[in-house]
Amino acid sequence: MNTLVLRTDVSGDPTFAELLARVRATDLDAYAHQDVPFERLVEVLNPERSLLRHPLFQILLAFQNTEDRSISDRPGTLLPDLQVTEQPLDAGTAKFDLAFAFTERPPEKGEPSGITGIVEYHADLYDEGTVRQIADCFVQFLDAAVHAPGTRVDAVGLLPEHTLHKLLTRSRGTVTGLPPATLPELFEARVAAHPGHIAVEVAGRRPATTTYDALNRRANRLARLLTDRGVRPEQRVAIALPRSADLVTAWLGILKAGAVCVPVDPAYPDDRIAHMAADAAPALLIASAATRDRMLPTGIPVLDLDDPAVTAALAAAPDGNPRGTGLLPAHPAYVIYTSGSTGTPKGVVVTHEGIPALAATQQEALRAGPGDRVLQLVSTSFDASVWDLCSALLSGATLVLAPDADLFGDELAAALTAHRITHVTLPPAALAAVPAGAAPPRLTVTVTGDVCGPQLVDRWAGGERRILNGYGPTEVTVGATYAVCERTGDGAPVPIGAPWPDQRVYVLDHRLRPVPAGCVGEIYVAGAGLARGYLGRPGQTAERFVADPFGAPGERMYRTGDLARRRSDGHLLFEGRADTQVKIRGFRVELAEIEAALASHPGVEDAVVTVYDDGLGDQRLVAYVTGGPGTPSAAALRAHLASRLPRHMVPGDVLTLDALPLTANGKVDRTALPGPGTQTAAPGRAPQSPQERVLCALFADVLGRETVGVDEGFFDLGGHSLLATRLAARVRAALGVEISVRTLFEAPTPALLASACTADAAAYDPFETVLPLRRTGSRPPLFCVHAGMGLSWAYAGLLSHLDADVPVYGLQARRLTAPGGLPGSVEEMAEDYAGEIRRLCPDGPYRLLGWSFGGTVAHAVATRLQQQGHTVELLAVLDAYPVTGARPDAEVDEQRIVADYLAQLGSPVAPERLEGDAWLPEFLEFVRRTDGPARDFDAGRILAMKDVFLNNARLTRRFTPGVFTGDMVFFASARPGSEQAAERVGLWHPHVTGDLDLHLIDCAHEEMTDPAALTRIGPVLAARLGAGT
């Protein structure tokens, strides 16, 4: 039996009869070559081989239609005195992913009697239930197609009736039978049950708490004032207030008046606030003294809660629950604005009808009640704030308003503990930044807004901690599904759960038919809580809110654009988006809106925005623009966007391209767009201290960029609070200083942060003789001796490679800060530096490192310390060698030394041009063209460094090293294939009693402290330092 490889062509959506004809033609063509051995085909095509799959195809179909007679009926098969029977043989292994075997039954009374079949499957890929479902769907397809061969293949249903019924049943949440109610009615029931319990606590403020009764009375007074001003149901009232008890009062007061709440984040750009105000057209805007001025340009009447007249009117208003407002559950409760695909945000109108189901879900899932404390972190411009508000105030718990919306990492963990939080809602990336051991042991975390990974659940779930993974677009009263997550340890995807009570969540194909379990389809949500639609956008509403074919007449469902597949237990697994909408750190973002904002700049011809994943759990926006010679800079375009969009929608990277890459059909080829960090900005001011150099490198690493300038802002380059948490941890590890995310907001550039990291910034001098690169740590410090120019800044690159518990100090030439401070010998310098080391660490043991000239001095310091009776635990040298054959009394050729140095740095200058002071302008011009630390030094500093360099050259010629008792760790610069390194290192043998531990570094001598070289050197030093005291 030979094997034929076939492909079925279903292009153009043929009818079943047409498909049958296509398959017949393909098969007949293939039969013409059926004598070609399959092995020969594999040999000729030479497909990529894998032990995991069969070459060329993975699904086999075998059809047996020859006469199948019993073995006893076959001539020549009987053996004397033996009875022979047939037995089925199971090999125990599957040769293919799926193998279908069909056998035609013998005719009965001359009529066909059908076909039987079996399916063999690869158990590592499929389970029995999935294969049975595949078989059922195949049989259903054949049955429907045979009875109606003129039906197009795409229109043939795959699901048997019992399977369809099962899927629709699992699409429905529990039917609660709850009576209709509005949010104020549900809140007032909690007030009656718990009047003296704390309803709202504003962290860090006094008075900090408000009881349920007091909050209700304040909201009632505001509602009376609003109704007196003509506010009625269906009218919208905007809120622009800072995080305070007044904010919660305003929400409740507006709803009690029967009106619609439109929250406006005062931190939004003016353009976005103006758009929301014009689009929502509120009858009134509630503000405070802190936000009133920003709202005045909108032209909306403002009710200033800090106005003495308003305060007096509120005090005089009745505080009983208002009646007769005409508020019904079908009336809108709030309008939340989301990112819009047309380039402008759109308002989602949500009614009270879904609030009872929301409260029931929270009672079932969160189990919050009196004594519990719910932390609210998000802005009220996002519907997640409604989840927090209802989970607290509709259960009798306390709503704790965070003092700062940008709490992350350690600070968030501290806030959770300090405020005794029992319930919090976070996006996965924010939860991942919180140390699990630092949070309260009794905590319920609702993870929402983005995909929750299994590692996060494994780290957090267990004990008294509960993790809920929630899902739901703004268009369905906060949410639609949730799952209580358990540790599994198997890396399986975390489900988004099953439908809320009184809701229906379908997974449908493009024909609005339920897809089989395990297949990917689009999520549609129906039932209680479905939004009314988009404010003032009937076309978009009709496009996204469509008739529910499985509901009662007139019921609608919302097309989410999200993809999912249903597990066999009914829970859903999120599978991404069907369009260009994305989630960035929990925020819903339409890329088209950002592209439209970029295109509105007159200097931009075309714009594309994508999402970049750094592979470490962070996603960020990257924009690409094209334009003519006058295309604005990345900073100018970010400023343009910041004036129009919220901060989370401003890309950190804006790259200018000559043209956008296109696919063969003329569409933008997003896979061919360059990654962020591939374009370098014009050089700015150079780092002025080792700390600045370290911080520039850390900024670049965390942001995924090649370089970051000392005056470039972390958040301007795409940083955000979650990345700031990562950066703060890296800074703590590298520099040993305690900084918080708040510090990064206050000091967002490497220069500002370096000042903030310095214990006494006013007294800190980067040129002092003993330079603290990292002050903190309990282990013996590492002392690094300067190279020929006298600076130790280059060693700062080691900090990220060494244990954070090891302090690091640089020893620098005294001439840099003291006129005339030039030593007369290496011995004098070693004595001086040994004294400075003993002043910091009187007892040792001591660890020394030196590069180039500094290696010679480090050896001399080590021998001097040993002569004084101290222990030197580590002597490490970077590419330094004893001088041999030099005449100690020979005078140094100053012009030649400076010329050689300039030549090494890439600026060759003839020695005769360096006579007298003529060399200085040439040198200054050169260093200011480079990115080195000397670029912004003044002439006096350059002259001091020149003096140090020349003096060190003289001292080297006159110095003969002593003998160090112990081993030397030596790092030699050696290009591949070089055989000179070992010979040169041998010059140290007379001066070291122990072993020379040689490490070859593929770089030039002047590159020994470059980042690439330090990635090799750092781990070796870290291991040696770790093995010590």
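Helices (H or I, at least four residues) and strands (E, at least two) are DSSP runs, numbered from the N terminus. This is a predicted model, in which local features need pLDDT of at least 70, side-chain atom pairs count only at pLDDT 80 or more, and totals for chains, interfaces and linings use all residues. Residues are numbered from 1 along each chain as its sequence is written, and side-chain values use heavy atoms, with hydrogens and water left out.

**Figure 1. Overview of the protein.** The secondary structure comes to 29 helices and 36 strands. Of the 1029 residues, 49% are buried; buried means under 20% relative accessible area, exposed over 50%, and partly exposed in between (1.4 Å probe, protein chains only). Accessible areas come from the Shrake-Rupley method with a 1.4 Å probe, and for residues only the protein chains shown count as cover. The accessible surface of the protein is about 47,000 Å², and carbon and sulfur atoms account for 53% of this surface. A contact means heavy atoms within 4.5 Å. Among contacts between residues at least 6 apart in sequence, 67% join residues at least 24 apart.

Figure 2. D13 is in the segment before α1 and has a positive phi of about 50° although it is not a glycine. Most residues other than glycine have a negative phi, and most peptide bonds are trans. D13 counts as partly exposed, at 22% relative accessibility. V5 is also found in the segment before α1 (16–31), and its relative accessibility of 34% makes it partly exposed. Leaving out residues up to four places away in sequence, V5 touches F38, L41, L56 and F57. V5 and L41 are 36 residues apart along the chain, and their C-alpha atoms are separated by 9.4 Å.

Figure 3. L45 is found in helix α2 (residues 38–45).

**Figure 4. The largest nonpolar core, around V731 and L848.** A nonpolar core is a set of buried Ala, Val, Leu, Ile, Met, Phe, Trp, Tyr and Cys residues joined through side-chain atoms within 4.5 Å. The largest has 105 residues, of which V731 and L848 touch the most other members. Domain 4 (590–758) and domain 5 (772–886 + 960–1026) both give residues to this core, so it lies between them; the domain bounds come from an automatic or database domain assignment. Residues up to four places away in sequence aside, the contacts of L848 include L782, F783, I837, V861 and L875. Another core, of 76 residues, lies apart from the largest one and has A333, I355, L394 and A564 among its members.

Figure 5. R367 lies in the loop between α11 (355–365) and β12 (373–376). R367 has a positive phi of about 60° although it is not a glycine, and it is exposed, with a relative accessible area of 57%. R373 is found in strand β12 and is buried, with a relative accessible area of 8%. Neighbours within four places in sequence aside, R373 is in contact with residues including E201, T398, H419 and I421. R373 and V424 are 51 residues apart in sequence, and their C-alpha atoms are 8.6 Å apart.

Figure 6. The peptide bond from G844 to P845 is cis, with omega near -5°. P845 is in the loop between α23 (826–840) and β33 (846–851).

**Figure 7. Salt bridges.** A salt bridge is a side-chain nitrogen of Lys or Arg within 4 Å of a carboxyl oxygen of Asp or Glu, and the structure holds 34 of them. R705 pairs with D653, with the closest N and O atoms 2.3 Å apart. R705 lies in the loop between α19 (690–703) and α20 (721–735) and D653 in strand β29 (residues 653–656), so the pair ties together parts that are 52 residues apart in sequence. Both R705 and D653 are buried. In a second pair, D997 and R1024 meet at 2.5 Å, N to O. D997 is in strand β36 (residues 996–1001) and R1024 in helix α29 (residues 1011–1026), so this bridge ties together parts that are 27 residues apart in sequence. D997 is partly exposed, with a relative accessible area of 24%, and R1024 is partly exposed at 35%. D213, R217, R221 and D319 are linked in a network of salt bridges.
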